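Please walk me through this protein model.

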Amino acid sequence: MYFEKTLKTFVYVLFSALLGLTACQSEEEIKRQQYVAEGFDLYKKSCMNCHQTQGEGMANLYPPLAGSDFLTASNKALVICGMRNGFQHPLRVNGKLYRQPMPGNTALKALDLAVLTTFLYNEWGNEKKITDVTEVEKALTKCP
Ligand code: HEC
């Protein structure tokens, strides 16, 4: 009798914990999707002219973002700095050298950069997570 009761309590506690966990995960997931959507809006306004609708880039002028070997986790701080301050030096993307500088965009606030980075890396950088404002601010303090 006593055993049965503890078992029931145990199952109940386990079940609530699991429920709590999935609720929490889906909140994270909703937030991630919001970041991606807001990032895409900003992409359309600030980046698409050059990098194009599908991130395919344009000839020798603008490098692609889709399939870009530059969009790695270890380059993320560089990408954040690049959006804010521009890229002044030639960059090699997928083996091809691009020599045009990219203008910086100082109007982009830390939160804008966070949603943009989340969009870029979820769409084309094989990530399924948020890049948050804290990470962006940290990257901005170390820009080259
Ligand atoms: C005026 C055109 C232009 C605009 C606008 C622009 N870029 Fe670029 N972008 C470039 C060029 C040109 C390069 C290559 C720079 C170099 O070689 O130094 C580049 C390079 C990059 C790279 C690194 C190389 C790659 O293809 O992976 C990323 C990432 C990038 N841009 C993202 C963005 C994002 C995000 C925005 C919007 C916030 C943006 N760019 C706006 C022209 C532009």
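Thr-117 is found in helix H4. Helices here are DSSP runs of H or I with at least four residues, strands are E runs of at least two, and both are numbered from the N terminus. Thr-117 is buried, with a relative accessible area of 0%. Buried means under 20% relative accessible area, exposed means over 50%, and partly exposed lies in between, with a 1.4 Å probe and protein chains only. Which residues does Thr-117 contact, leaving aside its neighbours within four places in sequence? They are Lys-76, Ile-80, Met-83 and Thr-131. A contact means heavy atoms within 4.5 Å.

A word on the model. It is predicted, so local features need pLDDT of at least 70 and side-chain atom pairs count only at pLDDT 80 or more, while totals for chains, interfaces and linings use all residues. Residues are numbered from 1 along each chain as its sequence is written, and side-chain values use heavy atoms, leaving out hydrogens and water.

Now take the whole of H4. Its 14 residues, 110-123, should span 20 Å at 1.5 Å a residue, and the end C-alpha atoms are 20 Å apart, which agrees. The expected span is 1.5 Å times one less than the number of residues. Of those 14 residues, 11 are buried, so H4 is largely enclosed by the rest of the structure. Among the buried ones are Leu-113, Leu-116, Phe-119 and Tyr-121.

Next, the metal. The iron atom of the ligand has two protein donors, His-51 (NE2) and Met-102 (SD), at 2.0 to 2.1 Å. Donors are N, O and S atoms within 2.8 Å of the metal (3.2 Å for Na, K and Ca); water is not among the atoms, so sites may look incomplete. His-51 lies in helix H2 (residues 48-51) and Met-102 in strand E4 (residues 102-103), so the pair ties together parts 51 residues apart in sequence. His-51 is buried, at 10% relative accessibility. Met-102 is partly exposed, at 26%.

Step back to the chain. It has five helices and four strands. Their order along the sequence is α-α-α-β-β-β-β-α-α. The radius of gyration is 21 Å, well over the 15 Å that the globule rule gives for 144 residues, so the chain is more spread out than a compact globule. That radius is taken over C-alpha atoms, and the rule is 2.2 Å times the number of residues to the power 0.38. The C-alpha atoms fill a box of roughly 80 × 30 × 25 Å along the principal axes. Of the 144 residues, 33% count as buried.
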